[in-house]
Amino acid sequence: MSVKISPKLDRVLVKRESLQEKASSIIIPEKADSKERPARGVIVALGPTCGYIDEETKELRRGLEIGEKVIFGRHAGTEIEYEGEKYWLLTDRDVLAGVAE
């Protein structure tokens with residue numbers, strides 16, 4: 001997926017996944033869910049300073065990768081729309097965890 005948005009500094013651009021659930025044969029939309037769960041998405045772009053400085057080598061180490069599925073706070077970052085798709089622009093610290101599938 002090629003997106004023409006390039007995050008600055010420690011920003012991460014995430015395409016959020018829909019979290020619809022099925023209860024038997026009824027689909028429950030995410031907005032109807034009363035629980036405050038974190039959101040999930042896929043990283044599509046990283047800013048140039050995402051990551052941390054390695055204390056020994058003094059080099060920037062990336063803790064995130066493009067294409068990685070992640071969990072982030074539901075109210076974190078800023079929602080933006082680009083070419084009909086919704087994305088979230090977060091700081092790298094807003095990402096709570098990676099998701100292995």
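This is a predicted model: local features need pLDDT of at least 70, side-chain atom pairs count only at pLDDT 80 or more; totals for chains, interfaces and linings use all residues.
Strands are DSSP runs of at least two residues and helices runs of at least four, numbered from the N terminus.

Figure 1. Of its 101 residues, 28% count as buried. Among contacts between residues at least 6 apart in sequence, 65% join residues at least 24 apart.

**Figure 2. Asp92 is a buried charged residue with no salt bridge.** Asp92 sits in the loop between β9 (85–91) and β10 (95–98). The nearest side chain of opposite charge belongs to Arg93, 4.4 Å away. Beyond its neighbours within four places in sequence, Asp92 is in contact with Asp10, Val12, Thr49, Cys50, Gly51 and Leu64.

**Figure 3. Glu85 and Lys15 form a salt bridge.** Their closest N and O atoms are 2.7 Å apart. Glu85 belongs to strand β9 and Lys15 to strand β1 (residues 11–16), 70 residues apart. Glu85 is partly exposed, at 33% relative accessibility, and Lys15 is partly exposed at 22%.

**Figure 4. Lys69 and Glu17 meet in a salt bridge.** The N to O distance is 3.8 Å. Lys69 lies in strand β7 (residues 69–72) and Glu17 in the loop between β1 and β2 (21–23), so the pair ties together parts 52 residues apart in sequence. Glu17 and Lys69 also belong to a network of salt bridges with Arg40.

**Figure 5. Lys86 and Glu79 form a salt bridge.** The closest N and O atoms are 3.7 Å apart. Lys86 has 45% relative accessibility and Glu79 has 42%, so each counts as partly exposed.

Note on methods:
Residues are numbered from 1 along each chain as its sequence is written. Side-chain values use heavy atoms; hydrogens and water are left out. Buried means under 20% relative accessible area, exposed over 50%, partly exposed in between (1.4 Å probe, protein chains only). Contact means heavy atoms within 4.5 Å. Lys and Arg count as positive and Asp and Glu as negative; His and the chain ends are not counted. A salt bridge is a side-chain nitrogen of Lys or Arg within 4 Å of a carboxyl oxygen of Asp or Glu.
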